[in-house]
Amino acid sequence: MLLITCPHCGPREESEFSCGGEAHIARPLAENNLTDAEFADYLFLRDNPKGMFLERWRHAAGCRRWFNMARDTVTHEIVEIYPMGNTPKSKAGKAAHADSWRRDTAAEAAAKPASKSRSKQGG
Amino acid sequence: MASTANKGSRAPGRTALSGKTKQTIATPDGGRVGLAITELSHLGKINLRGGDDILPAVKKHTGCSNLPENNRTVQIGERTLIWLAPDEFLVLCEAGEEAGLHSQLMLDLGKVHAAVTNVTDALCALSLRGQALRKVLAKGCALDLHPSVFTAGMCAQTILSHAAVTLVAVSDDQFTLICRTSFAAYVHDWLMDAGLEYGVSFKG
């Protein structure tokens with residue numbers, strides 16, 4: 001059983017929370033320019049690492065608010081808890097975010113609103 | 001909605017636990033009652049969502065000068081403001097006053113970005129008193145309920161033996177427990193069972 005520190009309610013037991021799976025999956029804005037395989041990266045493929053993992057969690061039985069967590073799936077160590085919309089600040093969390101295969105996908109490039117993301121997709 | 005702003009004309013009506021038997025089961029040795037359960041029948045409950053700009057309207061109707069901080073309650077007279085989440089509060093008011101309070105809050109909030117919902121009949125409130133109160137609750141709740149940690153004026157939404165509840169510490173040996181109406185019978189039965197060894201009573 002994990003003791004999870006809700007950013008609003010403080011330390012609570014794991015059964016009060018629900019896990020929302022992998023964090024930082026951005027929805028492609030220009031999905032029509034993506035191939036089906038590239039869109040599948042966003043829609044279906046989820047990471048399942050042995051080690052540091054960035055997850056979304058919700059304090060379902062408490063304040064019902066979402067937050068992000070950097071957790072080691074081997075040791076269950078919770079390295080960092082940070083708000084939705086933010087990226088991790090801890091060294092291990094930053095590394096996990098940067099090293100994710102998802103950072104190099106066309107789906108993630110298409111999720112950035114900047115115009116350069118469109119030119120990157122190529123076709 | 002069964003309730004009206006006019007307290008005098010209000011029909012008594014059924015409550016979540018009006019079908020439960022009033023009973024006192026004291027301990028065989030010494031006849032003590034460690035947990036006394038009372039249903040706070042028809043206690044007014046209003047869910048209030050909004051940012052800091054709801055304070056003037058809330059202050060006008062509850063008298064509290066500040067919105068409660070995380071895991072805290074503010075009680076002024078008969079009205080209590082319970083923190084539920086950032087931007088979400090539960091207002092407890094006198095039985096029968098909830099519909100009036102609801103419409104007054106709606107009026108005074110005007111164009112403020114807020115949501116006011118009358119949840120009086122959706123939730124059931126129990127008053128729990130007694131020396132064994134925290135011991136009984138600890139049987140089904142992982143929260144640290146020690147009097148030095150969960151002090152008077154604190155509140156928490158948590159799980160009590162699978163049922164989602166809101167606990168409010170009124171004083172060291174008095175809590176208000178709020179659960180869904182549909183869970184009230186279960187919570188009542190569980191409390192009666194868990195409190196048996198300390199002596200337990202239920203007054204409708």
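Predicted model: local features only at pLDDT ≥ 70, side-chain atom pairs only at ≥ 80, totals over all residues.
Residues are numbered from 1 along each chain as its sequence is written, chains are lettered from A and ligands numbered from 1 in the order in which they are written, and side-chain values use heavy atoms, with hydrogens and water left out.

## Burial

Of the 204 residues of chain B, 50% are buried (under 20% relative accessible area, with a 1.4 Å probe and protein chains only).

## Helix α2

Chain B contains four helices and twelve strands; these are DSSP runs, numbered from the N terminus (helices: H or I, at least four residues; strands: E, at least two). Helix α2 of chain B covers residues 98-109. From its first C-alpha to its last, α2 reaches 16 Å, close to the 16 Å expected at 1.5 Å a residue (1.5 Å times one less than its number of residues).

The buried residues of α2(B) include B:L101, B:L105 and B:L109. An α-helix has 3.6 residues a turn, so residues three or four places apart point the same way. Cover for the buried residues of α2(B) includes α1 (55-62) and β3 (44-50) of chain B. Just after α2(B), B:G110 has a positive phi of about 50°.

Notes
Contact = heavy atoms within 4.5 Å.
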